[in-house]
Amino acid sequence: MTQGAEPVVVVVEDDPNIASLVDMYLRQDGYRVYQAADGETGLERIKQHRPKLVVLDIGLPGGLDGIALCRELRADSDIPIIMLTARDSEIDRVLGLELGADDYVTKPFSPRELVARVKAVLRRTDAASWAGLPPTLSIGKVEVDTARREVRLNGEPVGLTTREFDLLQYLAENQGLALSRRQLLDGVWGYDWVGDERTVDVHVLQVRKKLGDALNLATVRGVGYRLD
Ligand code: CA
């Protein structure tokens, strides 16, 4: 993830109601969204904005439908793609054609579900693109050793619980980004986790207690937390 920038998603969908609903929910979750109502415009937007992920409707007007566009994108990139399908017969086509889409969602879908899928796909693909990076993340004097699941301060191990470690790792992987409590819950606890958002505050408090001033973990008013 680029520091200080929202991840970009391009939504290619010709139904304006669905497009604006998806747009709104993704924005709420901190994504920057560009819309396109047909395949050609979609391809332009994708080339122009280099998104982290594409949400792609299958049935699109014009010469380039979702399947053709997916094929075109796959010809020279592994950009994550989530397909929107309207009918069971389309799912069969998507699966049968082995287009290489990362996931698909069937209409009607809840925008929350789509956002959860977007996050899940980005987590998987980000993990893949980080695979070549060293397993230890350094934030000032703090080292987060993701291979040994150990946190060190000035070289000395600090005892964190599993959840505290996961929280710190997630913050470290998204260093410089303001993350909402909901994003942290989704990213650390899992999007199907049900409970109070104050859980995040309790864990942040513990992490701060254990790492003190060594960690530049800021509270972002009206948003959540950011690790710098
Ligand atoms: Ca459509």
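Does Gly59 count as buried, partly exposed or exposed, and at what relative accessibility? In this predicted model, Gly59 has a relative accessibility of 38% and therefore counts as partly exposed.

**View 1. Protein donors of the calcium ion.** The calcium ion of the predicted model has as its protein donors Asp14 and Asp57, each through OD, together with Gly59 through O, and these lie 2.1 to 2.3 Å from the ion. Along the chain, the donors follow the spacing D-x42-D-x1-G.

**View 2. Accessibility at Asp57 and Gly59.** Asp57, which supplies an OD donor to the calcium ion, has a relative accessibility of 3% and so counts as buried, the limit being under 20%.

**View 3. Crossing of helices H6 and H7.** Helix H6, spanning residues 162–173, and helix H7, spanning residues 181–189, have axes that come within 9 Å and cross at roughly 115 degrees, and the crossing of H6 past H7 is right-handed. On the H6 side the contact is made by Arg163, Asp166, Leu167, Tyr170 and Leu171, and on the H7 side by Gln183, Leu184, Gly187, Val188 and Trp189. By residue class, this contact of H6 with H7 comprises 6 nonpolar, 2 polar and 2 charged residues.

**View 4. Domain 1 and domain 2 of the protein chain.** The domain assignment places domain 1 at residues 8–124 and domain 2 at residues 136–227, with 31 Å separating their centres when these are taken over C-alpha atoms. Where the domains meet, 6 residues of domain 1 are in contact with 5 residues of domain 2.

Technical notes:
Residues are numbered from 1 along each chain as its sequence is written. This is a predicted model: local features need pLDDT of at least 70, side-chain atom pairs count only at pLDDT 80 or more; totals for chains, interfaces and linings use all residues. Side-chain values use heavy atoms; hydrogens and water are left out. Axes are lines fitted to C-alpha atoms, for helices over the stretch in contact, and angles run from 0 to 180 degrees between N-to-C directions. Helices (H or I, at least four residues) and strands (E, at least two) are DSSP runs, numbered from the N terminus. A crossing is left-handed if the near helix is turned anticlockwise from the far one by less than a right angle, and right-handed if clockwise. Contact means heavy atoms within 4.5 Å. Ala, Val, Leu, Ile, Met, Phe, Trp, Tyr, Cys and Pro count as nonpolar, Asp, Glu, Lys and Arg as charged, and the others, Gly among them, as polar. Donors are N, O and S atoms within 2.8 Å of the metal (3.2 Å for Na, K and Ca); water is not among the atoms, so sites may look incomplete. Buried means under 20% relative accessible area, exposed over 50%, partly exposed in between (1.4 Å probe, protein chains only). Domain bounds come from an automatic or database domain assignment.
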